[in-house]
Amino acid sequence: MTVKHLRIFVTVYREMNITHASETLHMTQPAVTRAIQELEGYYGIRLFERMGRRLCRTGCGEELYARAIHIIDSFDEMECCLRSWDEAGELRVGASITLGNFLLPKLVKTFQTQHPDLKIHAVVSKLETIQQNILDNKIDLGIVEGELRSDSVHTECFTQDSLEPIVPPGHPLLLKDTVFLQDLLACPLLLRDRGSAGRAFLDHVFAAHGHTVRPVWESMSTQALVNATAAGIGISILPKQLVAQDIASRKVSSLRLSDETFTRNNYIVWHRQKYLTGTMLEFIGLCRTLHTGITAENPSQAHSAAFSQEISPRPSSGSLTVSSAPATSLIISQMERK
């Protein structure tokens, strides 16, 4: 069994088609089939079930894939190191929506200043997408609102933020001296869609108070929810940073509850089997400097304090310090402020 066998297997696993895999690998179909058969014969297992012309993954195939992608990645890291990969490296980071809007750009800018030749590839998307990208080794590190639910992912809390209940101006709840979480349930709720970090957090908060959330609106767009709230359709609960301007302009009004602050932890995450290069460790260190940064009460001041000083790179023993090709590539898959 060789690394080449694993590369072939991973490609077939992703394509689920021998013909497509052979085209991707620039190999003949018989050669690809033979490599899979050699792997199966070597371990005495089935990696795929062959149902007519279709391939179906087996449990052994799923287990091998989860390990093979990191074996291949580690092998590539070694090869790149031996070939002076530190002269042209890449850091792949992901962020869930709120942190992708307000924190990731500042992190990337600060880190790019320290590593002007480093290419940083970023993805901003839903919490579920970031988790899957971590598991599939499509990104190296992620920063997310809310904890990922996978034993394969390492999570480390590095800061906090909060969500803000918002209502249209003149709403009856604004006249109450004391507002409780249960008061919100008497109003039509306009919330983020399932699978988002914000929605997962709110479902958990309401459940902890013994309530079930049944929103009348669900949207992947924060601005759509703000506009619907301003139009008087209902009330919403959204990240404070994303609605600060709308509150300041009096498009909507904010509520403070007596029994809930909607404060949540933010995490930096990576795969437990991920080899952390020197560059990755430095980026993690940069995030750790924000441990006392963003708070529910004063996010702007925390941002200013965190980024007003020069942050020294963290030396790491036995790790590869990477500097690399020019430019920062930022891919926003689901940006919300439109």
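His26 is found in the loop between α2 and α3. Helices (H or I, at least four residues) and strands (E, at least two) are DSSP runs, numbered from the N terminus. This is a predicted model: local features need pLDDT of at least 70, side-chain atom pairs count only at pLDDT 80 or more, and totals for chains, interfaces and linings use all residues. Residues are numbered from 1 along each chain as its sequence is written, and side-chain values use heavy atoms, with hydrogens and water left out.

**Overall make-up**

- The protein chain contains 13 helices and twelve strands.
- Of its 338 residues, 50% are buried. Buried means under 20% relative accessible area, exposed means over 50%, and partly exposed lies in between (1.4 Å probe, protein chains only).
- Among contacts with a separation of 6 or more, 78% join residues 24 or more positions apart. A contact means heavy atoms within 4.5 Å.
- The protein chain exposes about 16,500 Å², and carbon and sulfur atoms supply 51% of that area. Accessible areas come from the Shrake-Rupley method with a 1.4 Å probe; for residues, only the protein chains shown count as cover.

- His26 has a positive phi of about 60°, although it is not a glycine.
- His26 is exposed, with a relative accessible area of 73%.
- Met16 is found in the loop between α1 (3-15) and α2. Its phi is also a positive value, near 55°, in a residue other than glycine.

**Packing of α2 on α3**

- Two packed helices are described by the angle between their axes and the distance between the axes.
- The axes of α2 (residues 18-25) and α3 (residues 29-43) come within 9 Å and cross at roughly 105°. That makes α2 roughly perpendicular to α3.
- On the α2 side, the contact is made by Ile18, Thr19, Ser22 and Leu25. On the α3 side, Gln29, Val32 and Thr33 take part.
- Axes are lines fitted to C-alpha atoms, for helices over the stretch in contact, and angles run from 0 to 180 degrees between N-to-C directions. Angles under 35 degrees count as roughly parallel, over 145 as roughly antiparallel, 65 to 115 as roughly perpendicular and the rest as oblique.

**Salt bridges**

- The structure holds 15 salt bridges. A salt bridge is a side-chain nitrogen of Lys or Arg within 4 Å of a carboxyl oxygen of Asp or Glu.
- Lys126 pairs with Asp193, with the closest N and O atoms 2.6 Å apart. Lys126 lies in the loop between β4 (119-124) and α7 (127-135), and Asp193 in the loop between β7 (189-192) and α9 (197-208), so the pair ties together parts that are 67 residues apart in sequence. Both Lys126 and Asp193 are buried.
- Arg264 and Asp161 meet through their side chains at 2.8 Å, N to O. Arg264 is buried, with a relative accessible area of 4%. Asp161 is buried too, at 0%.
- Glu218 forms a salt bridge with Arg199, the closest N and O atoms being 2.8 Å apart. Glu218 lies in β8 (residues 217-219) and Arg199 in α9, so the pair ties together parts that are 19 residues apart in sequence. Glu218 is partly exposed, with a relative accessible area of 46%, whereas Arg199 is buried, at 1%.
- Salt bridges that share partners join Asp73, Arg92, Asp140 and Lys274 into one network.

**Helix α7**

- The buried residues of α7 are Leu127, Ile130, Gln131, Asn133 and Ile134. Seen down the axis of α7, they fall within an arc of 160°, so they line one face of the helix. The arc is that of the directions from the helix axis to the C-beta atoms.
- These buried residues pack against β3 (90-95), β4, β5 (141-145), β6, α9 and β11.
- Asn137 follows α7, with a positive phi near 60°.

**Leu141 in β5**

- Leu141 lies in strand β5. Leu141 is buried, with a relative accessible area of 1%.
- Leu141 and Leu91 are 50 residues apart in sequence and 8.4 Å apart in space, C-alpha to C-alpha.
- Not counting residues up to four places away in sequence, Leu141 touches residues including Leu91, Arg92, Val93, Gly94 and Ile134. Val269, Trp270, Leu276, Met280, Phe283 and Ile284 are also among the residues that Leu141 touches.
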